[in-house]
Amino acid sequence: MTLKYLIELLRRDRMNWAPVLLIFGQIIYMGSATMVLLYELDDSHVAAVTTSIFVGMIVIIYTIVGVARTSARLLQIEKQDAEIRTLFEKYVKNRDLLELIDNQIREEIGSWIHGTLQPKLVKLAKDVRNSKSEELEQIAKRIDEINEHEVRAYAHKLFPPALLVSLEVGLESLLENRAELVLDVRFTSAADLRFSILNQGCEVTLSENSARLSVGRNLGYAIYRMIEEAVANSEKKFGTTKISVHVGLENDFLVISVRDNGEPLAIKFEFGLGLSVIEAFSQKYEGTMSLHNVTGGVELLVKIPYTPTTFNEKIERSKSKDRS
Amino acid sequence: MNQSSKISVMIIENDDDFRDLLNDIFELSEQFALRGSFSSIEEFCNLLLQQGLPENWIPQLLVADVLASVNPRIESASFLAALRDEGLNFAALFISSADFGSMLRVLRKKHPHGWGFVLKNSRLTERAILEAAFETYRDFAVTR
């Protein structure tokens with residue numbers, strides 16, 4: 001092991017030759033001293049040469065051990081650096097992907113607001129000013145159409161309103177008539193969500209008796225998007241007639257499973273945008289994602305580290321953070 | 001129709017114009033008696049706290065905007081469901097311009113009766129609001 005590290009070190013950097021040359025020099029010196037001792041010296045010089053040989057041996061051994069340990073440590077650090085670099089590259093790739101998707105959505109919505117909505121509103125305002133009363137009903141219909149079909153659709157893309165109420169309402173709305181949902185009871189309305197009404201400032205907050213677990217708005221949105229993409233993928237597959245979604249807790253993980261009964265995965269398959277989005281979201285929360293064939297279909301499994309936190313604990317934590 | 005046979009109602013709506021409209025609708029209605037009107041859940045709760053949560057102070061029907069709280073983490077659906085969990089009895093009609101999907105279905109899992117929803121849009125009429133309010137209360141009253 002020591003020799004292997006030494007060779008590797010010599011191969012990588014010429015500066016590492018210095019200690020090796022020192023050892024070599026010591027060996028030559030000791031060889032010469034031994035030769036002198038054996039052939040030329042009288043008794044008075046024997047002790048001095050013997051001592052210097054002994055010291056030389058200690059220096060050599062010390063140098064060899066020192067170089068070996070240092071080289072082993074350096075190689076270990078290099079290996080760890082390489083692993084960290086790989087992980088960081090993956091993190092950057094996924095962060096960039098999420099940023100790209102986020103920017104694409106913003107761009108799309110921004111373009112729609114500036115390019116479509118604003119001109120339509122300008123025209124409507126102009127028509128209202130110029131119109132006779134019988135035309136106002138037509139104008140009102142156009143406004144309703146813009147509001148109900150277009151504004152609502154884009155507002156939903158920004159953030160689904162059902163998620164504002166709870167994860168349960170968000171997922172039930174997403175999966176209605178599309179998939180069966182089984183959600184851990186601790187995330188549902190079956191778990192208590194109690195409020196306390198504080199007199200100071202008429203503040204309404206959650207009481208410490210609130211048992212319902214919170215995932216937070218950001219993780220809640222990520223769970224929603226991952227399931228949305230997974231279900232959309234399953235629906236596109238040939239043969240899918242049933243999709244089931246489970247969101248539960250297993251030890252210290254939040255586990256999302258999306259199973260369908262469609263055609264199995266090919267031996268070699270490529271990640272499309274949908275799966276890449278799921279992977280990016282799962283890695284954002286330091287989780288893992290896997291896609292595999294199961295009996296009767298295919299399962300997507302996402303596991304995200306999660307410590308069960310009630311709504312009240314979450315609020316108390318953010319209050320302490322604000323105070324500090 | 002005398003006051004005692006009318007359905008008592010309170011309104012929680014943060015949009016001032018729409019709240020004024022709802023006030024007028026319920027004040028002029030013969031079926032309902034308007035007992036209070038609030039611009040947020042917090043304002044409603046302040047008065048509720050002052051009254052000490054008496055059963056007879058709570059109206060028979062609450063008409064609430066889903067997002068009528070000064071705190072963005074609080075919405076009226078979960079709050080009113082929590083009041084029902086505490087044993088307070090009332091029907092609740094939610095009004096919002098956003099579509100909350102399966103919200104009523106989730107609320108009905110624990111309390112099957114007395115929830116209604118009306119989508120706020122330009123075609124919403126006084127009659128539609130009153131009909132929805134009456135139907136929501138009637139659904140709740142069956143259980144009493």
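I began with the contact between the two chains: chain A and chain B bury about 2,600 Å² between them, 56% of it on carbon and sulfur atoms. Buried area here is the accessible area (1.4 Å probe) that two parts lose on being put together, summed over both.

A note to myself before going on. This is a predicted model, where local features need pLDDT of at least 70 and side-chain atom pairs count only at pLDDT 80 or more, while totals for chains, interfaces and linings use all residues. Residues are numbered from 1 along each chain as its sequence is written, chains are lettered from A and ligands numbered from 1 in the order in which they are written, and side-chain values use heavy atoms, with hydrogens and water left out.

**Entry 1: the contact**

I looked up who takes part. Chain A gives 24 residues and chain B gives 33 residues to the contact (heavy atoms within 4.5 Å). Between chain A and chain B I found 11 residue pairs in polar contact, both at pLDDT 80 or more. A polar contact is a pair of N or O atoms within 3.5 Å; within protein, one must be able to donate a hydrogen and the other to accept it, and residues adjacent in sequence count only if both atoms are side-chain atoms.

Which elements of chain A touch chain B? I noted α4 (136-158), α5 (161-165), α6 (167-175) and β2 (195-198), each supplying at least two residues. Helices (H or I, at least four residues) and strands (E, at least two) are DSSP runs, numbered from the N terminus. By class, this side of chain A has 12 nonpolar, three polar and nine charged residues. Ala, Val, Leu, Ile, Met, Phe, Trp, Tyr, Cys and Pro count as nonpolar, Asp, Glu, Lys and Arg as charged, and the others, Gly among them, as polar.

Side chains of opposite charge can pair when their charged atoms come close. I used this rule: a side-chain nitrogen of Lys or Arg within 4 Å of a carboxyl oxygen of Asp or Glu. The count is 18 salt bridges over all chains. A:Glu168 lies in helix α6 of chain A and B:Lys109 in helix α4 (residues 103-110) of chain B, so this pair joins two chains. Their side chains meet at 2.9 Å, N to O.

Is A:Glu168 buried or exposed? A:Glu168 is buried, at a relative accessible area of 2%, whereas B:Lys109 is partly exposed at 47%. Buried means under 20% relative accessible area, exposed over 50%, partly exposed in between (1.4 Å probe, protein chains only).

**Entry 2: salt bridges within a chain**

In chain B, B:Asp65 forms a salt bridge with B:Lys120, with the closest N and O atoms 3.5 Å apart. The two are 55 residues apart: B:Asp65 is in strand β3 (residues 61-65), and B:Lys120 is in the loop between β5 (115-119) and α5 (126-141). I found B:Asp65 buried at 8% and B:Lys120 buried at 16%. Back at the two chains, salt bridges that share partners join A:Glu168, A:Glu172, B:Arg105 and B:Lys109 into one network.
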